[in-house]
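This briefing covers selected local features of one chain. The points below are grouped by topic.

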Amino acid sequence: MTNIHPDRMIHLSRQTGWFSLLLWLLTIAPAQCHQLRVAIASKISLDLAASTPAIITDERDRQLGALQPQQGLVATVSKDRVVVGNNQVTQLWVKPQQGGYIWISDRWYRGTVRVIATKNRLLAINHVDLEQYLSSVLGAEMSPTFPAEALKAQAVAARTYALYRSQSTSNKAFDLDSTQASQVYPGLSGESEPTQAAVNATLGQIMTYQGKPILAAFHSSSGGHTENVEDIWSARLPYLRGVPDYDLGSPGYEWTQTFTTAQLSQSLKVQQLRSIAPDRTTPYGSVVSLNISGNTTKILPGSQLRTALKLRSLRFTISPTPTGFLFTGRGYGHGLGMSQWGAYYLAEQGQKYSSILAHYYQGVELSKVGS
């Protein structure tokens with residue numbers, strides 16, 4: 001066994017208050033179920049540590065060394081190898097003992113971590129229990145101050161989405177990432193008593209259609225009506241249909257953004273911009289494509305324009321101003337599946353989470369994982 005040289009350690013006592021947080025989290029750990037692989041960091045070097053003694057192993061599960069609490073390990077990359085002290089391995093595992101937690105770059109996480117080298121960067125993948133993962137996701141995707149039934153609806157939707165995604169990733173290094181591209185996952189900092197309670201109250205529950213987990217898309221608010229999936233993404237799905245939303249009064253229900261002609265020309269890469277107008281919209285008013293006229297005329301997908309201009313949604317109208325164009329819109333997000341603010345208001349009106357889910361996802365059943 002090769003020990004990790006102490007010169008490669010870093011001291012983590014500067015993270016004030018973390019030990020008290022860990023003691024609290026130990027008392028509320030949920031039951032374990034299904035393992036997920038979540039990509040949480042991609043960097044040239046990684047700071048790794050554990051709250052309890054941890055074992056360091058390679059891809060063959062050979063022990064390379066150990067970590068003590070409040071100490072850290074610096075991992076770097078060299079081509080296709082993870083470098084730790086005098087060791088160069090294809091994969092590095094950090095396995096806390098006694099139910100401990102892992103420090104990865106700037107956050108604490110449950111489970112274990114696998115570090116692999118890819119394209120001269122280190123990719124940290126958190127192997128974590130599904131229910132523990134959800135307690136963090138829930139606090140990042142929905143405010144813990146939302147009504148309990150809205151939090152439960154979000155817990156079921158997030159659980160279903162995670163399982164749906166993990167079904168098609170068996171030949172990949174990870175199932176999901178930790179950003180909005182999948183679901184936001186900030187580790188222990190996302191957890192709280194309300195999120196734990198919502199996860200435990202819905203333990204193992206997912207939405208299925210014809211016996212399979214659904215693509216449980218969700219968003220902040222739709223601006224009055226959600227969308228049919230084929231109008232925004234690609235294939236038609238019988239359960240992702242447009243339905244009336246109940247998000248009136250939400251922070252994202254209405255919005256405006258103003259751009260100068262110069263700003264739009266630069267963002268859209270169109271010189272001498274003269275006009276910009278919707279070319280095709282959905283039945284509920286979201287912009288599928290736009291006609292842009294300048295030194296050339298082109299049709300631009302609405303999703304591409306939303307990304308370029310960082311618009312809140314695709315549901316907008318455009319009007320000229322003396323210096324550019326005014327975008328007046330409604331909603332926040334893609335408008336598919338459950339509206340989180342709609343769930344908030346339905347829960348405030350006494351609706352249970354099962355009814356909230358049945359409204360936003362048509363014809364689905366509540367099932368148990370593995371049943």
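Leucine 123 has a relative accessibility of 12%, and because buried means under 20%, leucine 123 counts as buried. The residue belongs to strand E13, which spans residues 121-129. The model is a predicted one.

**Surroundings of leucine 123**
- Beyond its neighbours within four places in sequence, leucine 123 contacts Ala39, Ala41, Ser42, Arg114, Val115, Ile116, Thr118 and Phe174.
- Leucine 151 lies 28 residues from leucine 123 along the chain, and the two C-alpha atoms are separated by 31 Å.

**Sheet E19-E20-E21**
- Three strands form an open sheet in the order E19-E20-E21, and their pairing is antiparallel.
- Five bridges connect strand E20 (residues 287-293) with E21 in the antiparallel sense.
- Asparagine 291 has isoleucine 299, in E21, as its bridge partner.
- Helix H7 (residues 302-309) packs on the sheet and touches E19, E20 and E21. The direction of H7 makes about 85° with that of E21.

**Aromatic rings and a charge**
- Searching the whole structure gives eleven aromatic pairs.
- For tryptophan 341 and tyrosine 344, the ring centres are 5.1 Å apart and the planes stand at 55°, so this pair is tilted.
- Tryptophan 341 and tyrosine 344 are three residues apart in helix H8 (residues 340-348), which means that about one helical turn separates them.
- Phe146, Trp341, Tyr344 and Tyr345 are linked into a cluster by ring pairs.
- The ring of tryptophan 93 has the charged end of lysine 95 over it, 5.6 Å from the ring centre.

**Helix H8 and its cover**
- Which residues of H8 are buried? They are Gln340, Trp341, Gly342, Ala343, Leu346 and Ala347.
- The cover over the buried residues of H8 includes helix H2 (130-141), helix H3 (148-166) and helix H9 (353-360). Strand E17 (218-219) and strand E24 (338-339) are also included in that cover.
- Glycine 350 follows H8 and has a positive phi, near 95°.

Conventions:
Residues numbered from 1 in each chain as written. Predicted model: local features only at pLDDT ≥ 70, side-chain atom pairs only at ≥ 80, totals over all residues. Heavy atoms only, no water. Pairing = 2+ DSSP bridges. Helix = DSSP H or I, 4+ residues; strand = E, 2+ residues; numbered from the N terminus. Contact = heavy atoms within 4.5 Å. Axes fitted to C-alpha atoms, helices over the stretch in contact; angles between N-to-C directions. Phe/Tyr/Trp six-rings, centres within 6.5 Å; stacked < 30°, edge-to-face > 60°. Lys NZ or Arg CZ within 6 Å of the ring centre and 35° of its normal. Buried < 20%, exposed > 50% of the residue type's maximum accessible area, 1.4 Å probe, protein only.
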